[in-house]
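Biologist: I would like to learn how to read a model of this kind, one feature after another. Where should we start?

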Amino acid sequence: MDNKKMKKFNKIFPLFAGLSGDLLFWVAIDTLFLTVVKNLNASQIVSLTSISLISCILLQIPLLKIIKKIGNTNSVKLGSLLLLISSILLTFGPNYIVLALGKVLYEIAFTFQNMANAILKNNLELQGRDEEYIKVKTKSNTIYATATMIIAFIASPMFNINNYLPMFSCILFCIICFVLSFSIIDFSNYDKIKTEEIKKKKVKVKYSKLIIILIISYGLFYPIVNSGQSNGKLFIQQELLLNFDVKTTALIIGGILCISRVIRVISNIFFNNIHNKCKEKVGVILPILLFSSIVLMILGSIIARSIIVKFVIMSLGYVIILFVRDPFKVYMQNLALNNVKREEQQTLLTTMELSRKVVRAIMSLSFTIILVNNPMITVMIILFILSIIEIIISIKLYKLVVNSKVIEE
């Protein structure tokens, strides 16, 4: 192990993981850019997401084979390169087909990028710092949350100056991340497992009860968060338009989004301390908070006497979703990596992301159909029911984790 390269990895990883967490700038102006610059209608924009998700789901097995063949280190480099190509296609794509290809590469890129989590876990173990995974990942998420918060304030003004300016910035950040990816090296023996070893050891994830429940919990939690975030914003917007004009509604929504971004930064800053105090209980606390966020938005919509109280409660519900988003991902990935052998990490991480994408695709298509003839409150009630199911699953997972630790001791 090269100590100089390991020290370089320790310094660069939080920055790399933070800046490559998504296509920066694109996520802030995606619908606006596709509508104004690319002249796509709402149906085409929604279909881009559906096509990219379904394509990525169908390609999971070939992608996993590629990951096993090229290893963690090269997978992260490839993921960074695909993000760069995706940003270029989305920026300069002359038609719907090219834009769809850009979105497909965007989804595929994160399957490869996900191996950065295995690299971090392996390298920390080599340094005898196994317990610092959550600390390092929280630092990465804080960088990402801070970057997206700043971008949320400047992306729209940049777009008004020049429609392509935010996307040029997006490409620049992708180039930086691609350069940084060459320092994200897995120094362990589990970077790439030889084909002979796979056949000899029959390397497969042992799907214990704990792992199965973990995959189900992770796969359900994030689609609820995604739907709660997008549909919750639309839900609040609809309620605002019943009481205010378009300009006032836009200002209030903008304020809520800015506050939620600040809260997301705060949650990442303090999560490591929260986890140190609550330990495995975090796995139950976060789903309960997610449930409370859905409840608050529904209850707020029912209140009619006080408009201020109504929107304060609904806004609080929306903000809580942003508070739980990053911490849950860090906790679950750490839990997953702690409960499988190192040679099983690639398969498990890919399976977790697959479960999330499958449930997200099903929910997205279902809610699209439901909203044709039903009000938004119907979707919120379904999310309310799903969040209860998530709590039940998380309690079951908590008991399994506690029992496994008791057995180890």
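Modeller: Start with a side chain: that of serine 293 reaches the backbone oxygen of leucine 290 at 2.5 Å. This is a polar contact, a pair of N or O atoms within 3.5 Å; within protein, one must be able to donate a hydrogen and the other to accept it, and residues adjacent in sequence count only if both atoms are side-chain atoms. The model is predicted, so local features need pLDDT of at least 70 and side-chain atom pairs count only at pLDDT 80 or more, while totals for chains, interfaces and linings use all residues. Residues are numbered from 1 along each chain as its sequence is written, and side-chain values use heavy atoms, with hydrogens and water left out.

Biologist: Where is the place of serine 293, and which residues does it touch, not counting those up to four places away in sequence?

Modeller: Contact means heavy atoms within 4.5 Å. Serine 293 sits in helix H12 (residues 282–302) and touches Gly317, Ile320 and Ile321, leaving out residues up to four places away in sequence. Helices are DSSP runs of H or I, at least four residues, numbered from the N terminus.

Biologist: Does serine 293 count as buried or exposed?

Modeller: Buried means under 20% relative accessible area, exposed over 50%, partly exposed in between (1.4 Å probe, protein chains only). Serine 293 has 0% relative accessibility and therefore counts as buried.

Biologist: What does the side chain of arginine 356 make a polar contact with?

Modeller: Its partner is the side chain of glutamate 353, at 2.7 Å. Arginine 356 lies in helix H14 (residues 345–373) and counts as buried because its relative accessibility is 13%. Beyond its neighbours within four places in sequence, arginine 356 is in contact with Tyr218, Gly219, Tyr222, Pro223 and Asn226.

Biologist: How many disulfides does a search of the whole structure find?

Modeller: A disulfide is a covalent bond between the sulfur atoms of two cysteines; the cut-off here is a sulfur pair within 2.5 Å. The search finds zero. For cysteine 56 the closest cysteine sulfur, in cysteine 174, is 17 Å away, too far for a bond. For cysteine 177 the closest cysteine sulfur is also in cysteine 174, at 6.5 Å, again too far.

Biologist: Where in the chain is confidence lowest?

Modeller: pLDDT is the predictor's confidence in each residue, from 0 to 100. Confidence is lowest in helix H9 (residues 195–201), at a mean of 49, and highest in helix H8 (residues 165–180), at 95. Where pLDDT is low, the predicted coordinates should not be read in detail.

Notes
Helix = DSSP H or I, 4+ residues; strand = E, 2+ residues; numbered from the N terminus.
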